[in-house]
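The exercises below are meant to be worked with the sequence and the model side by side. Each task is followed by a solution that goes step by step.

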Amino acid sequence: MSFVNRAKERRDLSSIMRQVNEDNCVIVLSGTTGVGKSGLTQYLLKNELNFKTSVCVHVSKSSPDSIENSHYLNAVYRTFCQYAKDHKAVTLSTVEHALSSPASLLHIAKEWLKNKAGFPEGSKLYEPPFEHSLVQKKDYIVDILKDSAFIIDIDNIQNIDVVSLEILVDIIKSVKNTVFIFEYTTDAGENDNLLSFINEIKAICMNTRAYTISQLPFSEAKQLAPTDVEINDDVLLRIYSGSNGNLMQIILANQLICEQNNSIQSTLATLNQDEKYITYLIYWNGGRISRNYLIMMSTCSYANGALILLSNKLQMTVDSLIDKKVISFVKYEEYEIAHDSIIEELENTALNPQLLIAYNVVKNYLLELLDISGDSSVLDTLFTLFVKQGDIDLISILPQIQKNIYQSKYPRNAISKLMFNINQNWKSREPWGYVHLKLSMNNWQQPATIWV
């Protein structure tokens, strides 16, 4: 997001982060959607605190739709893996951590003996200690953090899952001289959950600061408006105020806002067919996609009637979307929808042929990828995709979802989350699909075997 002023906030936050010594510091940075939390943080890390090592972890605001029980931890872990690769950090891999831990070696030996004795891999609905892979990921992150003074920024922390929060607490307790910035997105007038979260963090880190980012005055915010179009200030002020200070309504302002009273909606409406199609592909893939995946999906046919773009036309389309601030290029050859506000607008888009074609392309590609790799993150993206669309093909991946859930720390919580998402998205919209899913999940609460 573009940046303007925020002199007081920059001064306050810089002062807090510069004072960190042996103890850690946690900053809970709160504000409504689009108010400028990430823009402010990125500006500080790049321009005023660039003498410190920083890592930014992006998690979509739509992450509660996932079934993965350690979604945030995995996002942090992937970010640190890439950091270690980029900086050639000398640290133990997760496998090396496992082999260096007596507890992990004992677990490996136990599983090997159980397998040799012919015992089946049992389902489990008890709550075991952290899975060894999660502990290994935590140890890997801690190992990197011990090398220097880090600032870690995690956005949309308000949706963090229980397992990730517990492991994050362990990480905070295990390292020193580290600043954790937790960006917490609030709804207008909603503070109870925020206060509960702050108190929970204060219980494990005494040096916890709560800092709220307020709506930028319109006189400053309007400096972010495009300069190549004429926009009525009164209209822009009305839209900006009505969005509780969402700066994306200023940044994406265009000549159609008088008709639609929504800059984001009108920007999406003005995209050409190729631009809409690429935007839809990225949206259905969870709002973020690697360049290679995008090339595969857009230049090959994974669905009947799919729009196939030549590679040179694809690059022109992507460049145009970046220029229009609908998508952005992020590190490691990836593209993402530029802001959660745009994702929210896409979620409210009425189903149309092009949106449906893009859905089928992403779905078929991910199903093929899941067959090849068995990757749990692909399974999680597919689950989110099927739930959003109310797709009965969700039944085809239920066995893999069930297996992953029973191997998690809190399987009952995961099942409850799954049923909540299905109830929210299916009960009234797809009654037959809802009944079919419920029948398919009848035995989930009573696994045949429980290993202790």
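**Exercise 1.** Leaving aside its neighbours within four places in sequence, which residues is E345 in contact with?

*Solution.* Before starting, note that this is a predicted model, in which local features need pLDDT of at least 70 and side-chain atom pairs count only at pLDDT 80 or more, while totals for chains, interfaces and linings use all residues. Residues are numbered from 1 along each chain as its sequence is written, and side-chain values use heavy atoms, with hydrogens and water left out.

Step 1: take contact to mean heavy atoms within 4.5 Å; with neighbours within four places set aside, E345 then touches N262, I264, Q265 and L268.

Step 2: classify the exposure, using buried for under 20% relative accessible area, exposed for over 50% and partly exposed for in between (1.4 Å probe, protein chains only). E345 counts as buried because its relative accessibility is 14%.

**Exercise 2.** Work out whether the length of helix α14 agrees with its number of residues, and describe its cover and its two ends.

*Solution.* Step 1: the expected span is 1.5 Å times one less than the number of residues, so the 12 residues of α14 (residues 273–284) should span 16 Å, which agrees with the 16 Å between its end C-alpha atoms.

Step 1: 11 of the 12 residues of α14 are buried, which leaves the helix mostly covered; among them are Y277, I278, Y280 and W284.

Step 2: at the start of α14, a side-chain oxygen of N272 comes to within 3.1 Å of the backbone nitrogen of D274, and after the helix follows G286, with a positive phi near 95°.

**Exercise 3.** How do the axes of α14 and helix α16 (residues 311–323) cross, and which residues make the contact?

*Solution.* Step 1: with axes taken as lines fitted to C-alpha atoms, for helices over the stretch in contact, and angles running from 0 to 180 degrees between N-to-C directions, the two axes come within 9 Å and cross at roughly 80°.

Step 1: angles of 65 to 115 degrees count as roughly perpendicular, and α14 and α16 are therefore roughly perpendicular to each other.

Step 2: α14 contributes D274, E275, I278 and T279 to the contact, and α16 contributes K313, L314, T317, V318, S320 and L321.

**Exercise 4.** Where is R18 found, and what does its side chain reach?

*Solution.* Step 1: R18 is found in helix α1 (residues 7–18), and it counts as partly exposed because its relative accessibility is 48%.

Step 1: not counting residues up to four places away in sequence, R18 touches E48, L49 and F51, and its side chain reaches the backbone oxygen of E48 at 2.9 Å.

Step 2: the C-alpha atoms of R18 and V179 are separated by 9.5 Å, although the two residues are 161 apart along the chain.

Methods: Helices (H or I, at least four residues) and strands (E, at least two) are DSSP runs, numbered from the N terminus. A polar contact is a pair of N or O atoms within 3.5 Å; within protein, one must be able to donate a hydrogen and the other to accept it, and residues adjacent in sequence count only if both atoms are side-chain atoms. Angles under 35 degrees count as roughly parallel, over 145 as roughly antiparallel, 65 to 115 as roughly perpendicular and the rest as oblique.
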